[in-house]
Amino acid sequence: MKNLLWIVPLVIHFAFLGQNIFRSFVKIDKLKIEQELKIKQKKEIESLIVRYDEMIENINNPFYREKVARNQLQMVLPGEKIYRLIETK
């Protein structure tokens, strides 16, 4: 009978401990997934920073400035004519 009195509290204790251990493993898995996502986001941001750094370096290049002015701003030099092709079906 004394052994039974010791076994019941131990079983209850391990039952609650088992639940806590399971929750800990679930939380660890969620944190690992979140960590992988953050690492991926960090790599994407770093590549974006490299791209912007290259753009900043190219601003001093006259060829690049002309390219941006023509393509993005639709600018032309004085005396130039623009020819546009219109597709018809």
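Let's start with glutamate 46 and lysine 42. Their side chains meet in a salt bridge, 4.0 Å from N to O. Keep in mind that this is a predicted model. The cut-off for a salt bridge is within 4 Å, and this pair is listed at 4.0 Å.

Where do the two residues sit? Both are in helix α1, residues 2-58. They are 4 residues apart, so about one helical turn separates them. Lysine 42 is exposed, at 53% relative accessible area. Glutamate 46 is partly exposed, at 40%.

Next, arginine 70. Which residues does arginine 70 pair with? One partner is glutamate 66, with the closest N and O atoms 2.9 Å apart. Arginine 70 and glutamate 66 both belong to helix α2, residues 62-71. Again the spacing is 4 residues, about one turn of the helix. Both count as partly exposed: arginine 70 at 28% relative accessibility, glutamate 66 at 38%.

Another partner is glutamate 80. In that salt bridge the closest N and O atoms are 2.9 Å apart. Glutamate 80 lies in the segment after α2, while arginine 70 is in the helix, so this pair ties together parts 10 residues apart in sequence. Glutamate 80 is partly exposed too, at 34% relative accessibility.

Glu66, Arg70 and Glu80 are linked in a network of salt bridges. Arginine 70 bonds to glutamate 66 and to glutamate 80.

Why can such pairs form at all? Side chains of opposite charge can pair when their charged atoms come close.

And how many salt bridges are there in the whole structure? The search finds 3.

Definitions and conventions. Residues numbered from 1 in each chain as written. Predicted model: local features only at pLDDT ≥ 70, side-chain atom pairs only at ≥ 80, totals over all residues. Heavy atoms only, no water. Helix = DSSP H or I, 4+ residues; strand = E, 2+ residues; numbered from the N terminus. Buried < 20%, exposed > 50% of the residue type's maximum accessible area, 1.4 Å probe, protein only.
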